[in-house]
Amino acid sequence: MFANVSVRVRAVRYVDRTDRRELVHMSKFESLDERSVFSGELGEVVQAVQPDGRLFERFRRPPGVRIVIVSAGKVLLTEEYRSETGGFDLRLPGGKVFDSAKSFAEARRTGRMSEAVKEAVAREALEEVGIIVSRPEPLIVAQAGATVEWDLHYFLVRDFTNAPDGPAPEKGEDITPKWLRPEDIYAAIRASRMSEWRSVGVLLGLVFPQEFPAFAPH
């Protein structure tokens, strides 16, 4: 049996349009009148009055993407130095959709969220692991929590080609791609070598049962 996992999911839907799965952002918070009380380079603090009159405050930052690339019974992860842990961590390839709170707000205003998320999947897969993705499939949008709006958009990739020049990480990034079997990933999780717990939940709760049904962690 798989370990019990809980992943909070923001209100989103995927709509088939001419054989493409189109992401439609449907934040329940953004339907309320809100005001920004602080704005930084990467995020903002916003307040909204709820229907019952209570004030709700949260921090909003640009969303990210995480890419689950599977092939020949393995998943492509990265081993990356993370300043928040002070060491190397196993992670799914991915990164920010927008580089600033301003560009994030503009995409929400103009309805470019779906397009921007797809562009980020292609960009981050190429930069971090040297993969050119084909037909990425949306899996889930995992939410950070009620008072922190930082969505992670997860995509499954089965079809891909290797970029001729390999990965092209950004300056300062220390990233090594690693193909790992499900049992190796599970052992790494148990050994606290994978600290992004939303990704752990998606792998154990969604990807492993779907892609590796014969694998049963113990």
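## The largest pocket

Helix α2 is the element that gives the most to the lining of the largest pocket, contributing four residues; helices (H or I, at least four residues) and strands (E, at least two) are taken as DSSP runs and numbered from the N terminus. The model is a predicted one, in which local features need pLDDT of at least 70 and side-chain atom pairs count only at pLDDT 80 or more, while totals for chains, interfaces and linings use all residues. Residues are numbered from 1 along each chain as its sequence is written, and side-chain values use heavy atoms, with hydrogens and water left out.

The largest pocket has a volume of about 540 Å³. A pocket is here an open set of points, on a 1 Å grid over the protein atoms alone, where a 1.4 Å probe fits, with protein on both sides within 12 Å along at least five of seven lines, and its lining residues have an atom within 4 Å of a point; grid points are joined across faces, edges and corners, and the volume is the space filled by probe spheres set on the points. Of the 25 lining residues of the largest pocket, those closest to its centre are Arg82, Gly94, Gly95, Lys96 and Glu173. Two or more lining residues come from each of β6 (64–71), β7 (74–82), β9 (94–96) and α2. By class, the lining holds 16 charged, five nonpolar and four polar residues, where Asp, Glu, Lys and Arg count as charged, Ala, Val, Leu, Ile, Met, Phe, Trp, Tyr, Cys and Pro as nonpolar, and the others, Gly among them, as polar.

## Helix α2

Helix α2 covers residues 113–129, and its 17 residues reach 24 Å from the first C-alpha to the last, close to the 24 Å expected at 1.5 Å a residue; the expected span is 1.5 Å times one less than the number of residues. Buried positions in α2 include Met113, Ala116, Val117, Ala120, Val121, Glu124 and Glu128, buried meaning under 20% relative accessible area, exposed over 50%, and partly exposed in between (1.4 Å probe, protein chains only). An α-helix has 3.6 residues a turn, so residues three or four places apart point the same way. Just after α2, Gly130 takes a positive phi of about 70 degrees.

## Strand β6 and its partners

Seven of the eight residues of β6 are buried, so this strand is largely enclosed by the rest of the structure. Pairing requires that DSSP find at least two bridges between two strands. With strand β13 (residues 152–157), β6 runs parallel and is joined by six bridges, and Arg66 has Tyr154 in β13 as its bridge partner. With β9, β6 pairs in the antiparallel sense over three bridges, and Val65 stands opposite Gly95 there.

The pairing of β6 with β7 is antiparallel over three bridges, with Leu76 in β7 as the bridge partner of Ile69. The hairpin of these two strands, β6 and β7, has two residues between the strands, and Ala72 takes a positive phi near 50 degrees in it.

## The open sheet

An open sheet of four strands with mixed pairing has the order β3-β4-β5-β12. At its edges stand β3 (34–39) and β12 (148–149), each with a single partner strand, so one side of each is left without a neighbour in the sheet. Strand β4 (residues 44–49) pairs with β3 in the antiparallel sense over five bridges, and Val45 in β4 is the bridge partner of Phe38.

## Salt bridges

The count of salt bridges comes to 23, under the rule that a side-chain nitrogen of Lys or Arg lies within 4 Å of a carboxyl oxygen of Asp or Glu. Arg108 forms one with Glu44, the closest N and O atoms being 3.9 Å apart; this pair links distant parts of the chain, with Arg108 in helix α1 (residues 101–110) and Glu44 in strand β4, 64 residues apart. Glu44 is buried, with a relative accessible area of 15%.

Arg66 forms a salt bridge with Glu196, with the closest N and O atoms 2.8 Å apart. Arg66 lies in strand β6 and Glu196 in the loop between α3 (182–190) and α4 (197–211), so the pair ties together parts that are 130 residues apart in sequence. Both Arg66 and Glu196 are buried. The side chains of Arg193 and Glu79 also meet in a salt bridge (3.8 Å, N to O), and, with Arg193 in the loop between α3 and α4 and Glu79 in strand β7, this pair ties together parts 114 residues apart in sequence. Arg193 counts as partly exposed at 40% relative accessibility, and Glu79 is partly exposed with a relative accessible area of 22%. Salt bridges that share partners join Glu34, Glu44, Arg58, Arg60, Arg108 and Glu149 into one network.
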